Amino acid sequence: MSQFILSNMPNGRHPLSWLVFVLLLIILIPILLLMVILIPVLLIFNLIKMRFFPNKNPKTFITPFGFAAYSQINRSVVNYPWHDIEKVEVWSEEGQTFPVLLMKTGEPVKLKDISIGQIKTLCAQHGIRFYEDVVIVQEA
């Protein structure tokens, strides 16, 4: 950005060269001021929102090592590595179908954020059994 401004510095040969330089400063100074003011304000706003109004639903991420579930309420991350996943099934609950990881410990991990096709591809890459038959689950 500084190179762009300096390349448009006025010189004595052209009388209108000052006009381009002043217009560049008029445009760039407010943009820089907005960035300097708005970025900290947005960061502070998001920190306050996360601190006092945390998201109740954990967010699931796909990592190169498996899956990670981040919970804002507990302020924790739970990792589910590929080698601990025994199989993946598709469950249907309350009209929604979603993939479920069945760990070697027997613990089911629901992945409502991630599509079934994406999980199927990942299972094929990592050699994990994937069952497409939908299992209907009803809470008693």
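Two strands are taken as paired if DSSP finds at least two bridges between them. Helices (H or I, at least four residues) and strands (E, at least two) are DSSP runs, numbered from the N terminus. The model is predicted: local features need pLDDT of at least 70, side-chain atom pairs count only at pLDDT 80 or more, and totals for chains, interfaces and linings use all residues. Residues are numbered from 1 along each chain as its sequence is written, and side-chain values use heavy atoms, with hydrogens and water left out.

The protein chain contains 3 helices and 7 strands. Read from the N terminus, its elements follow the order α-α-β-β-β-β-β-β-α-β.

Strands of a sheet pair through backbone hydrogen bonds, in either a parallel or an antiparallel manner. Here, an open sheet of 3 strands has the order 1-2-3, and the pairing is antiparallel. Strand 1 (59-63) and strand 3 (76-81) each have a single partner strand and stand at the edges, so one side of each lacks a neighbour in the sheet. Strand 2 (residues 66-71) is joined to strand 3 by 6 bridges, and the two run antiparallel. Within strand 3, Val-77 is the residue that stands opposite Tyr-70.

Among contacts (heavy atoms within 4.5 Å) between residues at least 6 apart in sequence, 32% join residues at least 24 apart.
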